[in-house]
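Please consult the sequence and the model below while reading. The paragraphs that follow go through helices, cavities, individual side chains and backbone geometry in turn.

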Amino acid sequence: MCGIVGYVGARQAQDVVVEGLRRLEYRGYDSAGIALVHDGRVASAKRAGKLVNLEKEVAGNPLPTSSTGIGHTRWATHGAPNDANAHPHLGRERRVAVVHNGIIENFAQLRGELESVGHEMSSETDTEVTAHLLELEVQAGHDLTVAMQRVCCRLEGAFTLVAVDGADPDRVVAARRNSPLVVGLGEGENFLGSDVAAFIEHTREAMELDQDQVVTITREGVEVSGFDGSPAQGRRYHVDWDLTAAEKDGHDWFMRKEIYEQPRAVADSLLGRRTPEGLLQLDEMRLSDDELREVDKIIIIAAGTSFYAGMVAKYAIEHWTRIPVEVELASEFRYRDPILTQSTLVVAISQSGETADTLQAIRHARVQRAKVLAICNTNGSTIPRESDGVIYTHAGPEIGVASTKGYLTQLVACYLLALYLAQVKGTRFGDEIGEVMDQLDQMPAHIETVLANDQQVYDLARDHFDSSSVLFLGRHAGYPVALEGALKLKELAYIHAEGFAAGELKHGPIALIEDGLPVLCIVPPRGRDQLHAKMLSGIQEVRARGARTICLAEEGDESITPYADELIRLPQVPVLLQPLVAVVPLQLFACELATAMGHDVDQPRNLAKSVTVE
Ligand code: M6R
């Protein structure tokens with residue numbers, strides 16, 4: 001939610017900043033802007049719309065050369081996405097420029113104070129007050145670092161701020177509270193970014209910061225302090241992926257590239273999880289086996305796609321460990337006064353590790369003394385840092401706004417957690433756990449098989465170019481897959497899509513069925529229970545009422561053939577693991593349909609990759 005870049009060094013700051021914004025554009029694309037320090041003053045440019053509009057603007061009206069700059073790509077919160085509200089915002093004398101991610105909750109009061117002493121604002125944003133306040137501080141004789149500390153002490157809400165002062169050309173100063181910011185450490189140059197993608201082209205050495213810290217970067221170094229001015233330290237780390245991971249690699253969309261990366265991502269997320277003796281190990285779990293043995297209830301909290309991963313996790317954890325599991329939307333969690341004790345394990349699932357709803361939920365859980373385990377893809381992000389333990393998903397950077405490999409690797413992490421708890425609590429024998437691990441090890445090859453059938457799914461998607469509504473049906477672990485398939489279609493193709501538990505259909509939603517309505521049905525594997533037979537009945541019910549059934553069923557399942565207008569084959573896998581293969585055609589379907597409709601798949605309207613406001 002908003003991408004932020006800062007740079008000081010020997011290169012052309014404009015090039016570094018614009019390139020950084022390009023890599024962060026997935027975080028927000030309502031407008032973009034840049035500010036450079038030149039000859040004792042700030043030069044800036046900003047434009048509504050995607051980054052390309054800013055690039056056209058600076059190509060027509062070049063900015064001066066500079067080696068110090070900041071930039072911003074916006075997901076609008078306060079004020080419409082127009083030129084005036086685009087960042088950077090400048091102080092009254094245009095000496096200080098600021099970019100901001102987050103929401104400053106007391107901005108109305110601060111704005112009132114400034115206006116009462118003659119300041120005029122040129123935007124509707126909450127950000128502009130910070131530019132005015134910072135400028136007043138530097139005019140009063142404080143350097144930009146101290147100015148930032150003093151201003152931050154007056155701000156309420158969540159924010160990352162990055163600022164430059166025209167009269168102080170060799171430093172960029174930033175601050176964070178509940179909003180992402182990382183430092184890139186170079187040789188004779190340093191960087192700031194909302195995430196490491198901003199500077200991965202230049203350095204893989206990074207530093208993470210704590211809450212309520214101010215960081216100053218110069219060519220020579222990096223200094224960290226608290227808002228109160230006390231010296232502090234960031235934590236250095238090495239980024240284990242490189243620029244190639246942040247490129248499209250010949251695909252039209254990052255999303256499509258990330259779909260095809262899933263076999264590798266799933267394999268990576270399984271790497272190193274077994275000791276030579278065959279026991280499961282989770283490196284950064286940090287919670288001891290004794291602590292885990294005490295767990296008598298699990299609450300999973302997450303948002304969007306991560307929430308659907310949590311729903312699958314419930315089936316697996318309860319089945320393998322018999323520990324009761326609740327799954328809750330992060331945005332609802334703390335408002336219902338959840339019952340938490342020291343023996344409750346809260347599992348927070350987040351690809352980005354920055355989702356504000358999830359972050360606030362884990363804070364609430366920790367205050368109530370519950371233990372918190374994060375399942376996360378982003379090293380150095382806030383949610384794992386504020387948790388008692390973490391399982392990293394190792395998917396590599398996910399740039400497409402629609403989560404794909406992030407979701408599949410979250411599923412793997414959930415299975416691993418479930419099996420680990422079963423091992424620690426002794427609810428499953430070692431050979432049973434080993435057998436599931438062997439099945440998981442086969443999943444990359446199964447996902448390859450599904451991907452090899454991409455043309456069938458693409459043709460099908462293009463056939464649905466003019467559909468205005470699509471339904472998805474599933475049962476058991478297939479139900480969250482149905483919900484995820486519908487979410488993908490909503491966010492990318494902007495058409496009405498809904499996922500239902502197949503058994504629930506007859507209690508109301510079946511009224512939606514009309515002639516020709518496409519219904520994608522995730523058919524569970526044939527097994528001992530009645531899942532498969534019940535699903536078959538559901539499919540017959542909708543088909544009898546005119547639906548066009550598109551069935552995803554395992555290889556060899558011929559019982560489905562008479563009821564499927566279209567049949568997509570899935571590999572034979574156990575029912576609990578089926579989401580890992582069943583969701584893939586749904587991702588391909590949404591990606592291709594949105595492409596055929598002419599939508600920007602990587603940057604769907606109104607969305608941003610990481611939602612850092614509540
Ligand atoms: O980074 P997180 O996993 O916490 O993000 C949660 C949701 O915002 C995210 O999954 C969202 O629903 C995706 N756009 C879905 O594709």
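Buried denotes a relative accessible area under 20%, exposed denotes over 50%, and partly exposed lies in between, with a 1.4 Å probe and protein chains only. The model is predicted: local features need pLDDT of at least 70, side-chain atom pairs count only at pLDDT 80 or more, and totals for chains, interfaces and linings use all residues. Residues are numbered from 1 along each chain as its sequence is written, and side-chain values use heavy atoms, with hydrogens and water left out.

With a relative accessible area of 18%, Lys297 is buried. Lys297 belongs to strand 16, which covers residues 297-302; strands (E, at least two residues) and helices (H or I, at least four) are DSSP runs numbered from the N terminus. A polar atom of the Lys297 side chain lies 2.8 Å from the backbone oxygen of Ile339. Such a pair falls under the definition of a polar contact, namely N or O atoms within 3.5 Å; within protein, one must be able to donate a hydrogen and the other to accept it, and residues adjacent in sequence count only if both atoms are side-chain atoms. Contact in general means heavy atoms within 4.5 Å. Apart from neighbours within four places in sequence, Lys297 is in contact with Ile323, Pro324, Glu326, Ile339, Ser343, Thr344 and Leu345. Between Lys297 and Tyr420 the C-alpha to C-alpha distance is 15 Å, at a separation of 123 residues in sequence.

Is Glu484 buried or exposed? Glu484 is buried, since its relative accessible area is 0%. Its side chain makes a polar contact of 2.9 Å with the side chain of Thr305. Not counting residues up to four places away in sequence, Glu484 touches Thr305, Tyr308, Ser403, Tyr407 and Val583.

Helix 1 (residues 13-24) has 12 residues and reaches 16 Å from its first C-alpha to its last, close to the expected 16 Å; the expected span is 1.5 Å times one less than the number of residues. Because 10 of its 12 residues are buried, helix 1 is largely enclosed by the rest of the structure. Among these buried residues are Val16, Val17, Val18, Leu21 and Leu24, as well as Glu19 and Arg23. The buried residues of helix 1 pack against strand 1 (3-8), strand 2 (31-38), helix 2 (51-60), strand 4 and strand 10 (190-193). Helix 19 (residues 579-596) has 18 residues and spans 26 Å, close to the 26 Å expected. Just after helix 19, Gly598 takes a positive phi of about 85 degrees.

On a 1 Å grid over the protein atoms alone, a cavity is a set of points where a 1.4 Å probe fits but cannot get out, and lining residues have an atom within 4 Å of a point. Grid points are joined across faces, edges and corners, and a volume is the space filled by probe spheres set on the points. The structure holds two cavities of 30 Å³ or more. The largest cavity has a volume of about 80 Å³. Of the 15 residues that line it, Cys2, Trp75, Thr77, His87 and Gly102 are the closest to its centre. Strand 4 (68-74) and strand 6 (96-104) each supply at least two lining residues, and strand 6 gives the most, with three. The second largest cavity, of about 30 Å³, is lined by Gly91, Arg92, Glu93, His119, His132, Glu135, Leu136 and Gln139.

Finally, the backbone deserves attention. Most residues other than glycine have a negative phi, and most peptide bonds are trans. The peptide bond from His87 to Pro88 is cis, with omega near 5 degrees, and Pro88 is placed in the loop between strand 4 and strand 5 (89-90). Arg286, not a glycine, has a positive phi of about 60 degrees; Arg286 is found in the loop between helix 7 (262-270) and helix 8 (289-294). His394 likewise has a positive phi, near 55 degrees. His394 is in the loop between strand 20 (389-392) and helix 13 (405-425) and is partly exposed, with a relative accessible area of 38%.

Methods:
1 Å grid on protein atoms, 1.4 Å probe; cavity = no way out; pocket = protein on both sides within 12 Å on 5 of 7 lines; lining within 4 Å.
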